[in-house]
Amino acid sequence: MNSTHSIWHNGELIPWEKSQVHVLAHGLHYGSGIFEGIRYYKTERGPAIFRLPEHVDRFINSANAIKMSLPYTKLEIITAVKQVVHANQIEAGYIRPIAFYNSGDMGLNPVKNTIEFFIACWPWNKVFTNDSIDVKVCDYIRITPTATNINAKLCGNYVNGTLASLSLIDTHYHAVLLKDINGYLAEGAGENFFIVKDKTLYTPKRDYIFAGITRDTVIQIAGGLNYPVVETDILPKQAEDADEAFFSGTAVEIMPIRSINDRILGNAGINSIVETIKKSYSNITTGRDINYLKYLTYLFV
Ligand code: PMP
């Protein structure tokens, strides 16, 4: 990871190397923290943060899910994010707000413990270096709504995707797909999943997934291009027989999938719908599509 100068901590900017955590932090032991992943892009008008208010809303929802009283309003968090991006003087990058219960009571209920809130940013160009990736449906199932709050970005939720990703060590696959408890495809370790078949997009329903902001953007892009989007159950076999497939997520953006369970996907060629969506997404995030300027928070107005 490329470090930057400053990290925002409980209201002030501190040097990167001073942003430390106590070893008895509750969040470290039990995952009782919440976080966000946000990207900002280089545009003609300087850096712009993509869908910042929606990310902050989600962050606040995640806090509520774990009964964490954040001592900052939505507007104050937005201002803090802009402040840390500005301080680090990088044209484009990734922003990571994280708040967690600190040390104090080591029982599982953390509500009496203090809260630490950091916002970091750093340059993060590509998650996958390939143009398209090979994906494996793994044996771990996705966390379920009856076991945890799957709509909150809780730190502890992410051990599921971490274990799933670790299952690929020493294989040729780049990424995992997890099924839901009913055997339908849910999502990647940290990405939503789409297939394309006969010029229609299919994506898992919201019931067992973390329905991301990029997924929502993709659905809007597809609508604008007159490609129908169907939110439905998708079996692994249906995905293997798709014309195209891709992951969507803030970090990976639009990531084309080359193969699923070693089945090379069929019919993309030069008329790839995934490539069209990827290009539209890039035009939107970099301010070149005026219809979506509402989604950009410019650093310098
Ligand atoms: N699913 C999971 C499990 C994730 O962690 C993420 C990343 N936040 C996503 C999907 C994609 O969400 P978004 O498009 O909002 O980044």
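In the ligand site, a nitrogen atom of the ligand lies 2.7 Å from a polar side-chain atom of Glu 187, a polar contact being a pair of N or O atoms within 3.5 Å, where pairs within protein also need one atom able to donate a hydrogen and the other to accept it, and residues adjacent in sequence count only if both atoms are side-chain atoms. The structure is a predicted model, in which local features need pLDDT of at least 70 and side-chain atom pairs count only at pLDDT 80 or more, whereas totals for chains, interfaces and linings use all residues. Residues are numbered from 1 along each chain as its sequence is written, and side-chain values use heavy atoms, with hydrogens and water left out.

The ligand is surrounded by 15 residues, the closest being Arg 58, Lys 153, Tyr 158, Thr 214 and Thr 250, where a residue is near a molecule if one of its heavy atoms lies within 4 Å of it.

Ser 62 is placed in helix α2 (residues 52–65); helices (H or I, at least four residues) and strands (E, at least two) are DSSP runs numbered from the N terminus. With a relative accessible area of 0%, Ser 62 is buried, the term denoting values under 20%, with exposed over 50% and partly exposed in between (1.4 Å probe, protein chains only).

In helix α3 (residues 74–88), Val 81 likewise counts as buried at 0% relative accessibility. With neighbours within four places in sequence set aside, Val 81 is in contact with Ile 49, Leu 52, Ile 95 and Ile 119, and its C-alpha atom is separated by 9.9 Å from that of Phe 118, 37 residues apart along the chain.

The buried residues of helix α4 (residues 159–166) are Asn 160, Gly 161 and Ala 164. These residues lie on the same side of α4 because they cover an arc of only 90° around the axis, the arc being that of the directions from the helix axis to the C-beta atoms. The buried residues of α4 pack against β8 and β9 (175–179).

Strand β8 (residues 133–141) pairs in turn with β15 in the parallel sense over three bridges, two strands being paired if DSSP finds at least two bridges between them. Within this pairing, Ser 259 in β15 is the bridge partner of Asp 134. Strand β15 (residues 253–260) is mostly covered, with six of its eight residues buried. Strand β14 (residues 244–249) runs antiparallel to β15 and is joined to it by four bridges, with Phe 246 opposite Pro 256 in β15; the two strands form a hairpin with three residues between them. Antiparallel pairing over two bridges also links β15 to strand β16 (residues 263–264), where Ser 259 stands opposite Ile 264. The hairpin of β15 and β16 has two residues between the strands, and in this hairpin Asn 261 takes a positive phi near 50°.

Terms used. Contact = heavy atoms within 4.5 Å.
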